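Have the viewer open and follow along.

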Amino acid sequence: MDTSRLLRTTGTVIAAAGLLLSGCTSGGSGESGAAAASLPSAPQSPDAAALRPYYAQKLTWRDCGVPGFQCSTMKAPLDYANPGSGQDVEIAVSRRTATGPGKRLGSLVVNPGGPGGSGIGYLQAYAGIGYPAAVRAQYDMVSFDPRGVERSSPVECLSGPAMDKYTQVDQTPDDAAERAELVAAFKEFAEACEAKSGRVLPHVSTVDAARDMDLLRGVLGDQKLHYVGASYGTLLGATYADLFPDRVGRLVLDGAMDPTRPALELNRDQTEGFETAFTSFAKDCAKQPDCPMGKGGPDAVAARLKEFFRKLDAQPVATGDPDRPLGEALATTGVIAALYDESAWPQLREALSSAMNGDGSGLLSLADSYYEREADGKYANLMFANAAVNCLDQPAAFTGPEAVDTALPSFEKASPVFGAGLAWAALNCTYWPVKATGKARELTAKGAAPIVVVGTTRDPATPYKWAQALAGQLESGTLLTYDGDGHTAYGRGSECIDAAINRYLLEGKAPQAGKKC
């Protein structure tokens with residue numbers, strides 16, 4: 001399969017999960033940005049004077065080392081509540097200028113989700129070269145690593161060896177000792193984040209990132225924000241629209257989140273989503289000659305997988321790395337990673353078959369793609385930023401292990417295979433060192449231009465009902481439905497979806513409400 005596609009997909013994955021788990025500038029290099037005449041595009045607020053220098057800054061573009069792309073760095077206030085403090089964060093930005101021909105429409109900012117996914121990595125590996133040629137011809141393709149992510153004042157937590165141990169911790173504790181070990185792992189993770197990144201932890205919320213995105217819009221010289229966000233990127237986009245409805249241009253929110261759902265419900269809904277995706281995989285697997293879990297309906301396949309996980313919990317299998325045998329935790333992560341994209345199903349069948357015959361390296365590789373672990377043992381900061389944003393955006397799903405016990409039956413009903421593990425994973429924010437600053441709330445973006453919300457009916461990570469909910473909340477939202485499998489819809493093979501979104505991006509014509517593909 002196309003591993004880069006899987007990595008592109010899993011970068012948008014972990015919207016809710018815990019332990020598991022996203023004017024015009026000139027072409028060419030040189031300086032560009034909002035000229036003095038554009039400064040009124042800065043927010044009019046009590047802090048407008050303090051923010052004005054940020055909107056007036058000019059970006060100096062340089063070669064990225066990736067053919068066709070340029071990079072720059074933008075300064076943003078560490079604390080938007082006190083922008084005159086003199087404390088800043090650096091926001092890494094990249095672009096590929098419009099290739100032409102045709103009228104240049106401005107910048108198209110893209111975000112792959114997470115939270116914690118690198119926008120720059122997504123731009124340079126996929127969006128800047130893989131989006132439809134007509135879109136790339138008329139837009140400068142732009143992205144940024146949100147604050148706390150990879151190149152932008154990144155949140156740092158555990159070392160590589162410590163992360164290796166963390167990802168192997170039993171997520172389905174069977175006794176008091178295993179519960180204590182899981183709680184200790186969450187506490188160690190949180191304490192490491194505070195020790196290494198205490199300065200930025202209180203300031204990496206989605207609202208902060210949305211304000212950075214408006215700053216980027218102003219610095220690029222665009223009067224309106226044109227944007228495509230996937231998975232968590234839909235929450236970022238909807239938050240932007242709610243804060244700055246008069247600056248909304250053409251917004252596509254693909255694989256939408258529902259901002260009204262509190263953390264507990266988000267995690268339980270996502271658990272249902274994985275069950276839906278697994279059922280699709282199981283039905284397909286039973287038809288294939290190489291299905292390692294035999295024939296029968298989805299319930300029979302699920303029972304065999306659950307039994308396999310139980311065996312791994314008791315006795316992990318070798319992977320070729322003596323320090324990282326395949327136990328239940330890593331195996332579960334590997335399976336979940338492959339459920340994001342149906343093109344990964346053949347790889348998942350092969351990996352499961354090998355693991356059931358004593359070679360866990362295939363499932364370990366899938367888990368590593370999910371965690372963004374490199375072959376040298378280094379981890380990208382995806383999981384660190386993911387926790388930092390999620391734990392700041394909403395109060396924790398649980399107050400402690402006892403609360404997980406109470407919720408377990410509902411999670412196991414949502415997914416007999418994954419329910420217990422995903423319930424315990426949602427305990428991670430309970431021990432976070434920074435109090436949440438956000439909460440679940442409706443986002444209406446009153447007065448905004450038409451916004452396209454895209455939902456996939458069997459999406460594992462962002463259930464379809466979330467897209468329905470977000471489209472209903474946004475005053476100008478219109479729902480575009482893809483009847484299919486996998487996470488997100490744009491650029492994944494549906495000519496109907498792609499044509500509708502391309503027309504909107506290029507001509508400003510939103511699809512008819514309720515359109516299905």
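The structure holds 16 aromatic pairs, where rings of Phe, Tyr and Trp (its six-membered ring) pair if their centres lie within 6.5 Å, with planes under 30 degrees apart counting as stacked, over 60 as edge-to-face and the rest as tilted. This is a predicted model: local features need pLDDT of at least 70, side-chain atom pairs count only at pLDDT 80 or more, and totals for chains, interfaces and linings use all residues. Residues are numbered from 1 along each chain as its sequence is written, and side-chain values use heavy atoms, leaving out hydrogens and water.

**Aromatic rings**
- Tyr126 and Tyr131 form an edge-to-face pair, because their ring centres are 6.0 Å apart and their planes at 70 degrees.
- Both of these residues, Tyr126 and Tyr131, are buried (under 20% relative accessible area, 1.4 Å probe, protein chains only).
- The rings of Phe189 and Phe384 have centres 5.9 Å apart and planes at 50 degrees, so this pair is tilted.
- That pair links distant parts of the chain, with Phe189 in helix 6 (residues 176–197) and Phe384 in helix 14 (residues 382–393), 195 residues apart; helices are DSSP runs (H or I, at least four residues), numbered from the N terminus.
- Phe189 and Phe384 are both buried.
- Ring pairs join Phe189 and Phe384 with Tyr166, Phe186 and Trp432 in a cluster.

**Helix 13**
- Eight of the 11 residues of helix 13 are buried, so this helix is largely enclosed by the rest of the structure.
- Among the buried residues are Asp368, Tyr370 and Tyr371.
- Just after helix 13, Glu372 takes a positive phi of about 55 degrees.

Note on methods:
Buried < 20%, exposed > 50% of the residue type's maximum accessible area, 1.4 Å probe, protein only. Helix = DSSP H or I, 4+ residues; strand = E, 2+ residues; numbered from the N terminus.
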